[in-house]
Amino acid sequence: MALDQLKAFILKMQQDDDLKQTVLAASTADDVAKIALRQGFEFSGDELLRFSGKTVGQVTVVKPDHPGEYH
């Protein structure tokens with residue numbers, strides 16, 4: 001299930017500073033999903049966006065607002 005994969009990826013990211021910095025530098029949710037896939041976790045950018053506002057461990061997923069972005 002993608003939600004379990006997403007939660008597991010977030011937990012791994014908390015323990016790996018290099019992975020965390022790579023994720024924080026990503027431009028889009030799809031980019032984060034691609035990073036996760038390379039780490040063996042499978043979920044989509046849309047699933048990540050729908051998870052916005054939820055917390056896993058010490059990480060709260062937040063969708064950043066970009067000027068000029070349509071919602």
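## F9 and its helix

F9 sits in helix α1; helices here are DSSP runs of H or I with at least four residues, strands are runs of E with at least two, and both are numbered from the N terminus. This is a predicted model, where local features need pLDDT of at least 70, side-chain atom pairs count only at pLDDT 80 or more, and totals for chains, interfaces and linings use all residues. Residues are numbered from 1 along each chain as its sequence is written, and side-chain values use heavy atoms, with hydrogens and water left out.

Helix α1 covers residues 2–15, 14 residues in all, and reaches 20 Å from its first C-alpha to its last. That is close to the 20 Å expected at 1.5 Å a residue, taking 1.5 Å times one less than the number of residues.

## The buried side of α1

Which residues of α1 are buried? They are L6, F9, I10 and M13, where buried means under 20% relative accessible area, exposed over 50% and partly exposed in between, with a 1.4 Å probe and protein chains only. These residues lie on the same side of α1 because they cover an arc of only 100° around the axis, judged by the directions from the helix axis to the C-beta atoms. As a reminder, an α-helix has 3.6 residues a turn, so residues three or four places apart point the same way.

The buried residues of α1 pack against α2 (17–25), α3 (29–38), α4 (45–50), β1 (55–56) and β2 (59–60).

## Who F9 touches

With a relative accessible area of 2%, F9 is buried. Leaving aside residues up to four places away in sequence, F9 touches L19, V23, V32, I35, A36, Q39, F41 and F43; contact means heavy atoms within 4.5 Å.

## F43 and the rings

F43 is buried too, at 7% relative accessibility. Its contacts beyond four places in sequence include A2, Q5, L6 and F9.

How many aromatic pairs are there? The count is two, with rings of Phe, Tyr and Trp (its six-membered ring) pairing if their centres lie within 6.5 Å; planes under 30 degrees apart are stacked, over 60 edge-to-face and the rest tilted. F9 and F43 have ring centres 5.7 Å apart and planes at 50°, so this pair is tilted. F9 is in helix α1 and F43 in the loop between α3 and α4, so the pair ties together parts 34 residues apart in sequence. Ring pairs link F9, F41 and F43 into a cluster.
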